[in-house]
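Let's take a walk through this fold together, helix by helix and then out into the loops. Have the structure open and follow along.

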Amino acid sequence: MCKTATINKIIPMSLVDGPGNRTAIFFQGCNFNCSYCHNPETIKKCINCGVCVSHCPVGALKMIDGKAIWDENKCIDCDTCIKVCPHGSTPKTHEYTVDDLMEKIEENIPFIEGITTSGGECTLNFEFLEELFTKVKSLGLTSLVDTNGFISLKSPIMDGLVKAADGFMLDIKSMNEDEHIKLTGRSNKTVIENAVYLASIGKLQEIRTVLIEGHKNRETVENITKLLKPYPNLTYKLISYRPFGVREEFLELKSIGQKEKEELKEIVIANGIKVIDC
Ligand code: SF4
Ligand code: SF4
C-alpha cells in the first residue's frame with residue numbers, strides 16, 4: 001500500500017518528545033484550532049493558491065503542475081511565505097510515503113530509542129501511522145503518539161494504530177467543556193474518554209496541560225487526576241505557558257505563577273500521579 005502524509009518537520013534527534021532520544025516527526029494539518037498553538041501554520045493544509053511564491057526572496061518556491069513546491073536547499077527560513085499566506089498555512093512541507101520516512105528514521109538508528117509522531121494532529125493519518133509503527137517495531141524501536149485526543153481511540157478503525165503504538169502522550173487542554181471549546185474550537189468529551197481508555201490498557205505514556213493565567217487550571221488538574229487515580233504509573237506534565245510562535249492576537253496570554261503551580265503539583269501527587277514541571 002502506498003499511503004502518503006504531509007510532513008511539516010522531522011527532528012532527527014529530540015530529547016523533549018518523550019523518553020530518551022527520539023526522532024520526532026511533525027505532521028501537517030490539525031482538527032483543533034488552539035488559541036495558544038505555537039505552530040499555527042501547521043493547522044491548515046496548503047491549498048496551493050500560489051500567493052506566497054512571488055514573496056520568497058531566494059526563489060525557493062515554485063508552482064509546478066498547480067502545486068506550491070518548496071526547495072528546502074534554497075530556503076533561508078525567513079518565514080515570509082508563512083507570514084503572507086492568506087490561508088494561515090505553509091508551503092514548507094513534503095509528502096512522504098512510509099518507506100520515505102523509514103529511510104530518514106533508519107539514518108538515526110544508532111542514536112535513538114524510537115520515534116514520536118506529533119503535529120498538527122498526527123492521528124488524522126491513522127492508517128499511515130499504523131503501517132509506519134509496524135515497520136519501526138521491526139527495527140527494535142518504539143513508537144509514541146503525541147495527540148490532542150479528539151479522534152476516539154476506542155473506535156474500531158483506530159484499533160490497528162492503538163495496537164501498533166507503544167504509548168500516547170495526550171493533551172488535556174481543559175476539563176471544563178466550555179473553556180475547552182473556547183480554547184480549541186472542539187469538545188473535550190472524546191479527549192477525556194481517550195485518557196481513561198488509554199490508561200486502562202496501559203498505553204497512556206503521559207498527559208499534559210498548558211497552564212494559563214485566568215484559566216480553570218485547578219478544575220482541570222483536580223478532575224483529570226481524580227479520574228485517572230485508579231491507574232498506576234502515570235505521569236502528568238504541567239507546562240507553564242510560553243508565548244513563542246503564537247498568533248499576535250493571543251500574545252497577551254500569560255502563564256500562572258510558581259505558587260499556583262506548586263499547589264497544582266501537590267494535587268497531582270496526592271492522586272498518586274508523577275508530576276513533571278515544565
Ligand atoms: S521561509 Fe524559505 S520558502 Fe519561505 S519565503 Fe523564506 S526562503 Fe522562501
Ligand atoms: S502556503 Fe499559503 S499562500 Fe502558499 S500556496 Fe499554500 S495556501 Fe497559498
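**Helices, ligands and loops**

Helix 6 and helix 7 cross in a right-handed way. (Helices here are DSSP runs of H or I with at least four residues, strands are E runs of at least two, and both are numbered from the N terminus; a crossing is right-handed if the near helix is turned clockwise from the far one by less than a right angle, and left-handed if anticlockwise.) Before going on, some ground rules: this is a predicted model, where local features need pLDDT of at least 70 and side-chain atom pairs count only at pLDDT 80 or more, while totals for chains, interfaces and linings use all residues. Residues are numbered from 1 along each chain as its sequence is written, chains are lettered from A and ligands numbered from 1 in the order in which they are written, and side-chain values use heavy atoms, with hydrogens and water left out.

Back to that helix pair. Helix 6 covers residues 189–200, and it packs on helix 7 at an angle of about 35°, with the axes 10 Å apart. (Axes are lines fitted to C-alpha atoms, for helices over the stretch in contact, and angles run from 0 to 180 degrees between N-to-C directions.) I192, A195, V196 and A199 of helix 6 touch I224, L227 and L228 of helix 7, contact meaning heavy atoms within 4.5 Å. By class that gives seven nonpolar residues, no polar and no charged. (Ala, Val, Leu, Ile, Met, Phe, Trp, Tyr, Cys and Pro count as nonpolar, Asp, Glu, Lys and Arg as charged, and the others, Gly among them, as polar.)

Helix 7 (residues 217–228) also packs with helix 8 (residues 258–270), at an angle of about 15° and with axes 9 Å apart. The two are therefore roughly parallel; angles under 35 degrees get that label, over 145 is roughly antiparallel, 65 to 115 roughly perpendicular, and the rest oblique. Here N217, R218, V221, E222 and T225 in helix 7 meet E260, E263, L264, I267 and V268 in helix 8.

Now look at helix 2 (residues 98–106) and helix 3 (residues 126–138), which pack at about 40° with their axes 10 Å apart. Helix 2 and helix 3 are therefore oblique to each other. V98, D99, L101, M102 and I105 of helix 2 make the contact with F128, E131, L132, K135 and V136 of helix 3.

On to the ligands. Which residues come nearest to ligand 1? They are C56, C75, C78, D79 and C81, out of 14 residues around it, where near means a heavy atom within 4 Å. This shell has 10 nonpolar residues, one polar and three charged. Around ligand 2 there are 13 residues, with C46, C49, G50, C52 and C85 coming nearest. The ligand 2 shell divides into nine nonpolar, four polar and no charged.

Finally, the loops. N48, in the loop between strand 2 and strand 3, has a positive phi near 60° although it is not a glycine. The peptide bond from G119 to G120 is cis, with omega near 15°, and G120 sits in the loop between strand 6 (114–118) and helix 3.
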